[in-house]
Structure formats: C-alpha cells, structure tokens
Amino acid sequence: MSFNFFTTRLKARANATGAWLKRAGARVGEGVSSEPWPRIGIWAGGIVAAFALTLVLFLTFADWNALRGPISRFASAATGRQIIIGGNLDVNPWSWTPEADVQGLRIGNPARFHERGAFAEVQNAEVSVRLLPLFIGRFDIVRLDLDGAHVALYRSAEGDSNWSAGPNAGRGRQFNLPAIREFALRNGRVQFEDDKRNMVLDATFTTQESADASNPGSFELNGEGRINRRPFTIALSGAPLLNVRRDRPYNFVAEVHAGATHIEANGAINRPFDFGVWGADIRARGSDLADLYPLIGLALPNTPPYNLTGRVERNGQRYGMPNVQGRVGDSDLRGAFTATRQRNGRLLLDGDFQSNSLDFDDLLAVLGGAPSTRETASPEQQAIAAQLAAQGRILPDARLDISRVRNMDARVSYRAARVRSDRFPLRGLFVDVSIDEGLLLLDPLQLELSRGRLGGAISINARHETPRVDMDVRLTNTRIESIIALSGQPPVTGPLSGRAQFSGSGASVRDAAANANGNIVLVTQGGEVREAFAELTGINVTRGLGLLLSDDDSTTNVRCGVVSFRVQNGIARTRTLVVDTKDVLIGGEGQISLRDETMSVRIQGEPKEPRLVRLEAPITIEGSLRAPRVGVEAEGALGQGGVAALLGSLVAPLAAVLPFVDAGLAEDANCGALLAGRQEQRTREEG
C-alpha cells in the first residue's frame, strides 16, 4: 500500500465524521449553538460518569478474593519478587483512609536467591493509607498492624543481599519505611544470616501498647546468634510505635553482647523510620577493636582491651564519631572518624587519632603479638604472650585477614606525644595509614627516639592471595648508648646511623620474615669504646681482664664501625663487621635466622701493638634473638692473618654499604679511606 492510499482513507474518514457532526447539530433545535464542542463535552462527561459509576459498583460489590491472583501477579511483576496472597483479602475503599486486610501474605526472594525460600511471610496484615497522597505518588500509612510476621534476611560472602535489587544495586543503601502513624507488631521474627561477616541472628520483636499515659508500652526486639562462632545477643527497646510521628525523633536504647564485646547505645531516629539519619551516645568495651568488624564493617587493627565512649552519628551514606575517647590497653586515645560509602560500594574511613601517653607494648597487638603478661591484655593475648615466651620467640604468627583489608579504604593519621617503653628509648610516634583497594601503606612512619629518629615506610600488598610486605626504614642522628640500654657505663658510645630494607611474602609477620630478602646496615663514626671491652675482643688477659676487675672506665676512640647483613630467604649473613679503634681492629662474621629466630655471631680483635699475653679465641653471641648468650669460644681460634688480612677482607664492601645508608657517610666518616690507609701501611711494614 502506498502513502497516497492512507492519505485518501484519512480524508474520507474526516469527511464522514464532519458530516455526522453536522447532522447531529441539525437535530438539536433552534436556539442552541451549532458549535460542536459543548456537545462533545456532554458526551465526554457522560462517558466519565459511566466509568466512575462502573468503578464504584465494582469496588462495592467486587469479590476481592477472586482478584488475589491478578493482584499478586501485578505486584510480582512490579517488584521482581513472587508475591502470593494465600488467605483472605478484604478491602474497604470508601474512606479518606482506605483499608485492607490481607491474610497469608508471602513475599519471595529475588530470582538469584530462589533456593532460600521466602523473604517474608505474614499471617495477617491490616493496613490503612491516606487517599490523597496516593495521587502524588506518596505512600503515607495511617496504620500498619502485622501479626505473625517472619522475615529472613541474607547476605552472601560477596556482599549481595536479598533485600537489594541486584549484586551492585542498593549496596550500602538503607531501607527506609514510609511514614507510619500507628505501627503494631505481634509475634514477629527476624532471621539474619551474613556470610560476609560470618554472622547469624535469630530475633523476635513485638509491641506492647497501653492506654495508660504513665506506662504507654514499648517496642522490643530481642535476639541471639553467633559472630565468628562466638555467642552474640542483642536487646533493643524503644517508645511504643503507636502514634509515632514523622516530625518527632523516635528514641531507643540498645545493648549488644558479642563474646567479650559489650556495646550500650542510647539514641534516636530523627525521622521515623528513616534508618539513614540517626544518632546515639555509646559506650563500647571489649578485648580487641578488631572484633568490631562484623558489627560495624570497619577493619580496625588488633588491640589490647579497650573502653571507649562517644557519639555515633549517621547521615545517609556517612556515619562516624566526631569525638571518641577512652583507653586502649594502657594507653589513652582520643580522636574522630567518618566512614563513607563510595560510589563503587567500598567503605572509606577518614580518621585522626592522638594519644598523650602510649604504652609501646600496646602496639605489639597490631602486629598480631601481645603485650607483656604483666600489662593489660585479653586472655587470648596473654596466652599468645605466654606461648611466645615458652618458645623463645619474638615474631608472632597471627595471620592477617586480607579480606578485611580488601573490603574498605582508609586515610588515618595517629600521633603519640609520649611513648613509654622498657625495651626501647622512645619518645614519640607518628604514622599515616592508608588503604587503597587492598594496598595498606604506613607512610610516613616515624619513631622519635630519646636521641635521633627511626623513620620510613612499610607497605602490605593484600591484593593477591598471599600478602607481600615491603619495608624501608632509616636510623638517623641517634647514639649507640641510647639504643643499647645497659646499667652502668655503656661499653660503646658514639653516633649511629642505619638502614633496613627488605621485602617478603606471607600471611603473618613471622611468615614474611621467614622468606625476606634485603639489606641491613649500621654505621658509627667518631665514638668511644671502653678499653676493657676493646682489649677483650683481642683477649688480652693481662690488660683487658685487669681493666674489668679494677672497674677502669678509661676509653679509646672508635675511628669507624660498620655492620652490614645481606638477607636472603630469611637468613641475614654478615657482609661486613668491622670496628676500628686506636688499639684494636675488631672484625667478625655470622648470621641471624629470621626463620627460627636464632643467631650465631663470632667477634675477634686484632691488636695493633704487641701484647704480653694474648689468647686467640673469639667472643660468641649465640642462641635465640629473645635471649642471646655471650661467651668465649675457647676451642679453636680464628686463622692467623694479622691486621692486613682482616682489613683485606673487610675494606672492599664498604664502598657499597656506606652509600646505602647515606651518600655522604663515606666522605664524612672517611671509613673506606681510613681502612684502606691502614691496609697500605701494614702492608709496607710487613714488606
């Protein structure tokens, strides 16, 4: 058919319609306008009136039970869930607040969760809504009465939930009920299973309404379950749901017990029941902040027992605590944080925390270790500390939960104005922590020593199945005597610089150290050493022992000292160990195993002038890193070679290790030139 054909037919229809209107107008009679529009309005009004009458008769005499099928199919298509009305359906439409009574209501899960059965089942539901708001698309509930409601919530390990529209839709969004004026719940039950946080909960909820103004009733929810296979209970109560108003806050109190974790909250939902805007004053205490992850979704570090207070505020996709304070272990803590759900669905934590006084032992828990058993620690941490002590180990083998690091991002800073430690000469600590899609970075990490500074960066890459740890730290402007804390006069004094750089893979600190590769270097220049100590490295019985027995504190200059280790597969072997003093050139060799945390180092000195009595036996440092033993290897002696041979084996690596610590060290200390000069001088003397 051509376009002209359709045009001809359209014109014919128009002419026929015009002729009919003209004939109808001729029959109206004299005195009535011949214009067609009033008559069209009469016809249209009649049609609308007939439709309205038909609708009224239908609504009045309709068999609503016969319409359960079509209504269920329409609701199922609109929601993407199977909705079935299995019982009686009764509707009273003739009111400004139409009412409906639904029995045997069943709401199914999305198709991807069909094997989990029903999402919700309600024995009886009575609902009335305001009529006029429906015409502007608003669902304003006047009364909602649920009897025998059973809701089953589920979230998979990947984060997909049966209350969201899809794997990526609705994640992080809060479910908000529409405005409800009167709300009653009886014989209700909620089951919640969360594979992502390893949580199950079975709770009952009900309302108790009363006309007594002095005791109006309450809403109560009580449940129990397990988190990480540990008992978990929750008790929540609030004002009665009767006469809840949208413009007035809804107050509630809650108490949560999860293992050793105990949280008390007293708060309010600003606009009932908009769960995206609320606030609560809380008090939280427990054995480890990391245990809060299943409850709040934040990957917090392992800590000793804590006791914190503050206010939690939520506003849409963001929640946080503007002022949290209390104690963690034997340290005080204060600060603020916010957690925001980003567009990609990941949680971003922004925080700033400070301590006036930090107990350094409390930081051991962050690494998976434990504070001393004499300090504040949980029973589990005390057991870890006792086990490490019994095994003579330092490095903990607690595994890093990489799934938590992968599930959130973070930007957090922490400062400690004062650090208390019996092990290390610390004054303060500063660190910035960031997490970006599984990459955890501590940069900068800075420890203020009593003299000097230890600073650098540490990264843990958890983007792969086995985390990779990279560390690069430098020791600057410090002193040997401040690092080696001994009673009485220290045997060695002087400036000290150093650097440690290595990397390893493993799910724990111990695993990463066991296969680490890298370098460790310590350098001193221009210090002093007690003559007794220097003499004994050459085992001059007459002089060295005599100085010790007489408590002689005389010293000799340290021209230069370098100790360097090459770390391969967790074994640190000496590349250079040399200390050049006025009277003795001290050298050594050995290794430190990070695999089994043992060491075996031998040190011996070569005197630079004749000694009356001399025993060529090296000093040994052996045993565990936790408690090394110092002794003398009486059996056997180092090979005879004199100072020249010792220098020849030690001078060459200096050109490589000194720039590793600081490019200016070799020139400032002139260690390489000093030892090279010594070698040339001794070679000429022996020649």
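Buried here means under 20% relative accessible area, so His262, at 9% relative accessibility, counts as buried. Keep that cut-off in mind for the points below, and keep in mind too that this is a predicted model.

1. **His262 and its partners.** This histidine sits in strand β12 (residues 261–269). Its side chain has two polar contacts to look at: one of 2.8 Å with the side chain of Glu255, and one of 3.3 Å with the side chain of His257. If you skip the neighbours within four places in sequence, His262 is in contact with Glu255, Val256, His257, Arg283, Ala284 and Arg285. Both polar partners, Glu255 and His257, are in that contact list. **Asn162, another buried polar residue.** Where is Asn162 placed? Asn162 is in the loop between β5 (141–155) and β6 (180–186). With a relative accessible area of 1%, Asn162 falls under the 20% cut-off and is therefore buried. Its side chain makes a polar contact of 2.8 Å with the side chain of Asn109. Beyond the neighbours within four places in sequence, the contacts of Asn162 are Arg81, Asn109, Pro110, Phe113, Phe119, Ala152, Leu153 and Tyr154.

2. **Helix α3.** This helix covers residues 68–79, which makes 12 residues, and it reaches 16 Å from its first C-alpha to its last. That is close to the 16 Å expected at 1.5 Å a residue. Which residues of α3 are buried? They are Ser72, Ala75 and Ser76. Looking down the axis, the buried residues of α3 fall within an arc of 100°, so they line one face of the helix. Strand β1 (83–85) is part of what covers them. The face turned away from the buried side carries the exposed residues Arg73, Phe74, Ala77 and Ala78. Just after α3 comes Gly80, with a positive phi of about 75°.

3. **β16, β17 and the turn between them.** Strand β16 (residues 331–341) pairs with β17 in the antiparallel sense, over 8 bridges. Phe337 stands opposite Gly351 in β17. The two strands form a hairpin with 5 residues between them. Gly345, in the turn, has a positive phi of about 90°.

4. **β17 against β19.** How do these two strands pair, parallel or antiparallel? β17 and β19 run in the parallel sense, and they pair over 9 bridges. Asp350 has Arg411 as its bridge partner in β19. The side chains of Asp350 and Arg411 also meet in a salt bridge, at 3.0 Å from N to O. That pair links distant parts of the chain, with Asp350 in β17 (residues 347–355) and Arg411 in β19 (residues 408–416), 61 residues apart. Asp350 is partly exposed, with a relative accessible area of 23%, and Arg411 is partly exposed as well, at 48%.

5. Asp352 forms a salt bridge with Arg415, and the closest N and O atoms are 3.7 Å apart. Because Asp352 lies in β17 and Arg415 in β19, the pair ties together parts that are 63 residues apart in sequence. Asp352 has a relative accessible area of 34%, which makes it partly exposed. Arg415 is partly exposed too, at 39%. Elsewhere, salt bridges that share partners join Asp281, Arg311 and Glu313 into one network.

6. **Asp291 with Arg230, and the overall count.** How many salt bridges are there by this rule? The count comes to 19. One of them brings together the side chains of Asp291 and Arg230, at 3.9 Å from N to O. This pair also links distant parts of the chain: Asp291 is in the loop between β13 (277–286) and α4 (293–296), Arg230 is in strand β10 (residues 230–238), and they are 61 residues apart. The cut-off for a salt bridge is 4 Å, and this one comes in at 3.9 Å. Asp291 is partly exposed at 27% relative accessible area, and Arg230 is partly exposed at 37%. Side chains of opposite charge can pair when their charged atoms come close.

How values were computed
Residues numbered from 1 in each chain as written. Predicted model: local features only at pLDDT ≥ 70, side-chain atom pairs only at ≥ 80, totals over all residues. Heavy atoms only, no water. Helix = DSSP H or I, 4+ residues; strand = E, 2+ residues; numbered from the N terminus. Buried < 20%, exposed > 50% of the residue type's maximum accessible area, 1.4 Å probe, protein only. Polar contact = N/O pair within 3.5 Å; in protein donor to acceptor, adjacent residues only side chain to side chain. Contact = heavy atoms within 4.5 Å. Expected span 1.5 Å × (residues − 1). Arc of directions from axis to C-beta. Pairing = 2+ DSSP bridges.
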